[in-house]
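Hi,

Here is the structure I promised to pass along. Have a look at it first, and then read on for my notes on what turned up.

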Amino acid sequence: MSHWSCEGGVCRLVEDDEPLKIGVLLSGSGTNLQAIIDRIADGSLNAEIALVVSSRPGVKGIERAQAAGLPVLVMEKSEYVADAEAADAKIAAALTEAGCEYVIMAGYMRMVRTPLLEAFPNRIVNLHPALLPSFKGAHAIQDAFDYGAKVTGVTVHFADDKYDCGPIIAQRALPVEEGWTVDELEEHIHAIEHELYPEVIGWLAAGRVRVAEDGRVSIA
C-alpha cells in the first residue's frame, strides 16, 4: 500500500504499510467519525486518526473520540467570532504538529479558511449529503426532499474557499422511493456516507487519488 507523506510542505508517495495519518473536523454527533473509527478497528481501513477537532464543546462527537482514546482539540465559538483566520491557523498548527497528512471534514459546519487551505492544499476532504452541484448548503437533505428529487445521494470532494465546491472525488446516487419521509431519506443518506467516506479515505491511504491542473480528480 502507498500513501502521500507530507512534511515541511513537501509531499512524497510512500510505498509501505504505514497508516495514513488523518485529522477529523466535526461539529456535532460524529457518526461519520465513528464509521471511520470502526473501519480502522476492524482492519479494513489503513489509517490513524491523529487528532479530532470539534468546533463546539459538549457535542457527541467529542465523546466518541474520547471513548476511542483519540486526542481532541475543542474550539469555542468565541474564537471563530473574534478572528476566524486565527482560529483556522490554530487548527492548522495543531493538525500539523499531530502529523496529519489529510484533513477529513465530518459534519464540520464551518468554512475552512486560508491558513488551513494553505497548510493542506488539496488535502482537506469534505462530505456533502447531496449530489453536488445540486442542493448545496446546510439543509441539503431537507431541500432535496422538499424539491421532490427522485434521485439524490452523497458527494465526497476536496474543500476550497467556497461552500460545497472544490474537486469532486466520488459520488454515490440514491433513488428516492415513494412514500419516504424526510427522516427515512436522511437515514439512507447517512448509511451511504458511512460506507463511502471510509472507502474514499482508503483510496487516499493507497495513494490512488490525483487532482489534475484542470481540477478534475482521477482515481488510479
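Before the notes, one definition that will come up again and again: a residue is called buried when its relative accessible area is under 20%, exposed when that area is over 50%, and partly exposed in between. Please also keep in mind that this is a predicted model.

Now for the overall picture. The chain contains 7 helices and 11 strands. Its C-alpha atoms fill a box of roughly 50 × 45 × 35 Å along the principal axes. How does the radius of gyration of the chain stand against that of a compact globule? For 220 residues, such a globule would come out near 17 Å, and the chain has 17 Å, so the two agree. Of the 220 residues, 45% are buried.

Next, the charged pairs. The count of salt bridges comes to 7, and I would like to walk you through some of them.

One of them pairs the side chains of lysine 60 and glutamate 63, with 3.4 Å from N to O. Both residues lie in helix α2 (residues 60-67), where they are 3 residues apart, about one turn of the helix.

Another place to look is the stretch where Asp160, Asp161 and Lys162 are linked in a network of salt bridges. Lysine 162 meets aspartate 160 at 3.9 Å, N to O, and lysine 162 also meets aspartate 161, at 3.2 Å. With 46% relative accessibility, lysine 162 is partly exposed. Aspartate 161 has 49%, so it too falls in the partly exposed class, given that exposed means over 50%.

Finally, a few backbone details to check when you have the model open.

- Leucine 132 and proline 133 are joined by a cis peptide bond, with omega at about 10 degrees. Proline 133 is in the loop that runs between β7 (124-128) and α6 (140-147).
- Asparagine 122 is not a glycine, yet it has a positive phi of about 50 degrees. This asparagine is placed in the loop between α5 (114-119) and β7. Asparagine 122 is partly exposed, because its relative accessibility is 41%.
- Aspartate 164 likewise has a positive phi, near 55 degrees, in a residue other than glycine. You will find aspartate 164 in the loop between β8 (151-158) and β9 (168-175). Is aspartate 164 buried or exposed? Its relative accessible area is 12%, so aspartate 164 is buried.

That is what I have for now. Happy to go through any of it with you.

Best wishes

Conventions:
Residues numbered from 1 in each chain as written. Predicted model: local features only at pLDDT ≥ 70, side-chain atom pairs only at ≥ 80, totals over all residues. Heavy atoms only, no water. Helix = DSSP H or I, 4+ residues; strand = E, 2+ residues; numbered from the N terminus. Rg over C-alpha atoms; globule rule 2.2 N^0.38 Å. Buried < 20%, exposed > 50% of the residue type's maximum accessible area, 1.4 Å probe, protein only. Salt bridge = Lys/Arg side-chain N within 4 Å of Asp/Glu carboxyl O.
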